[in-house]
Amino acid sequence: MRSDMVQVLYTAVVLGSTYALMASGLTLIWGGLRFLNLAYGAVFSVGAFAAYWAVSTWGLPAVAALPVGFATSAVLGAIVHVGVFRPLLKRPDGQTSTLVAGLGVALFLQAALVIQFSPRDRSLPALVEGSVHLPGGVVASASAALVVGAAVITLTILGTFLTRSRYGVGIRALANHRDGAELLGINTGRLVLLVMVLGSGLAGLAGVLLSSFYFVSIGAGFTALVKGLIVTITGGLGNLRGTLIAAYLVGLVESSVSLWLGARWSLPLLFAAVLILLVARPQGIAGRISFEGR
Amino acid sequence: MNVLEVSDLSCGYGATEVVSGVSFSVGAGECLGVIGPNGHGKTTILRAISGLVPPWGGSIRLQGRELRKCSPHSIARFGLAHVPQGDMIFPDLSVEDNLNAALYGAGKWRDRRRVIDEVCGVFPRLKERRGQLSMTLSGGEKRMLALGRGLVLDAQLLMIDEPSLGLAPRVIAEVYERICHMRERGLSMIIVDESPARLEGVADRLCLIDAGRVIEVGPTADMLEHEKVLETYLGFSVDEEGTSP
């Protein structure tokens with residue numbers, strides 16, 4: 001195989017895994033609650049910064065950053081849900097209010113991070129060291145392999161949780177018809193909180209994994225939100241399988257365009273491709289147009 | 001002791017009162033048919049009992065327990081199953097997962113294989129469609145699934161809202177046959193139907209609702225002979241309609 005092809009595929013797989021991780025929590029929250037959480041990116045950054053702070057202050061081993069990032073973002077997600085989203089979702093205009101409130105929460109958290117840590121980028125110690133030589137002379141870093149492995153494991157666990165566990169069945173029932181789920185004895189309020197906690201925790205986990213690969217930066221959260229949204233919408237909002245396919249497709253488009261046309265064309269052409277796809281198939285790759293009774 | 005006691009219930013939507021001063025009861029093992037014209041509060045009464053519509057006043061007691069301020073999921077767990085109008089099934093879930101969702105709600109997740117097999121015994125069609133997405137079911141099959149979920153809850157009282165709505169006559173007969181099968185298990189029931197004739201042989205008593213009020217409650221046979229009342233409130237006589245389950 002030609003070395004540029006190997007390079008494209010390698011970058012596509014790494015970028016795709018990155019985007020799959022970024023989008024996993026967003027997909028879970030949309031799938032379970034049917035609202036776009038615009039605070040997602042900021043929760044992602046808070047997880048990464050909390051992990052950086054814990055590792056640099058207490059001298060914890062790098063791998064401890066993962067549970068710290070997950071737990072901090074999960075707790076933050078619960079606080080934001082109980083304090084901001086839950087009261088708003090009870091109102092008739094809940095969908096619009098939560099959209100605006102999510103943006104407000106994101107700005108607040110971003111400002112708090114700047115005040116606490118300054119806008120300077122930080123670096124987390126690499127979670128794993130070393131590299132692997134691929135055919136065609138391409139060298140894959142162990143950190144990149146970790147991101148790919150983490151994406152596969154995270155999404156497999158999430159998929160299994162949603163399809164096999166009783167909470168997963170409850171969350172999917174809630175996403176389909178909240179009143180219908182309540183009439184079956186399902187405490188939907190508690191499940192909504194669980195979805196927010198898990199979705200936010202996944203944002204924090206992705207924040208740590210990707211920060212060990214790139215940098216811990218305030219702007220990383222915004223990139224995660226935008227890329228997460230592109231992948232989630234392209235995949236079909238709330239559909240895990242679609243999200244996974246979309247993440248790797250977006251990674252492939254970006255890496256091919258970057259190699260053959262130059263990096264400056266990757267975003268414009270990516271957006272063009274997403275627009276064309278959504279015009280042709282508004283429900284995304286694996287989404288469905290509408291469902292009765294929502 | 002009555003399974004359900006509703007006294008002086010009033011409720012509505014926004015500022016509009018839809019149900020006012022409604023009282024009735026359902027005894028153990030009894031089936032109460034609720035009849036009345038469209039848009040006169042039958043569905044709202046059921047929604048108020050199951051907690052989907054907050055009652056404005058009065059009292060709703062299930063096995064002596066006051067339900068007025070309880071959430072729908074708590075009411076379901078206290079032993080009230082509501083098969084609502086429109087079924088409210090979960091279209092993205094398979095038939096089996098629709099039943100599983102009811103098992104999770106009922107706190108019987110570990111027994112799911114046994115309970116689902118039991119429900120499939122009552123609704124053989126669900127067994128054939130077990131792995132199929134419920135959005136692909138026919139109208140009659142969706143109704144069976146909604147009834148099956150009600151059965152999974154193993155409730156003290158099962159409320160079925162318009163089991164015949166939107167179905168072909170042959171399918172209606174099949175749905176009522178299944179309901180009779182459920183009745184044989186000694187389940188207390190409330191069935192709302194526009195047509196009193198369909199409830200003949202199923203309901204022990206009929207409760208006639210008009211303009212959000214109870215007009216008459218009595219044994220089914222007596223009520224079906226009460227043609228003047230039926231003509232006044234439903235605009236037809238039982239003989240003219242001539243449908244039977």
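How many Å separate the centres of domain 1 of chain B and domain 2 of chain B, taken over C-alpha atoms? The separation is 22 Å.

Before I go on, this is a predicted model: local features need pLDDT of at least 70, side-chain atom pairs count only at pLDDT 80 or more, and totals for chains, interfaces and linings use all residues. Residues are numbered from 1 along each chain as its sequence is written, with chains lettered from A and ligands numbered from 1 in the order in which they are written.

In chain B, domain 1 covers 1-79 + 156-245 and domain 2 covers 82-154; these bounds come from an automatic or database domain assignment. Between them, 20 residues of domain 1 of chain B contact 15 residues of domain 2 of chain B, where contact puts the C-beta atoms, placed from the backbone, within 7 Å. On the domain 1 side, at least two residues each come from helix H1 (42-49), helix H2 (72-78), strand S7 (157-161) and helix H7 (169-183) of chain B. Helices (H or I, at least four residues) and strands (E, at least two) are DSSP runs, numbered from the N terminus. H7(B) supplies the largest share, six residues.

Now H1(B). Eight of its eight residues are buried, meaning 20 or more other C-beta atoms lie within 10 Å of a residue's own, again placed from the backbone. Among them are Lys42(B) and Arg47(B). After H1(B) comes Gly51(B), with a positive phi near 90°.

Last, the chain contact. Here 25 residues of chain B meet 20 residues of chain A. H2 and helix H3 (95-106) of chain B each give two or more residues to the chain B side, and H3(B) has the largest share, seven residues.

Note on methods:
Two residues are in contact if their C-beta atoms, placed from the backbone, lie within 7 Å. A residue is buried if 20 or more other C-beta atoms lie within 10 Å of its own, exposed if 12 or fewer, and partly exposed in between; C-beta atoms are placed from the backbone.
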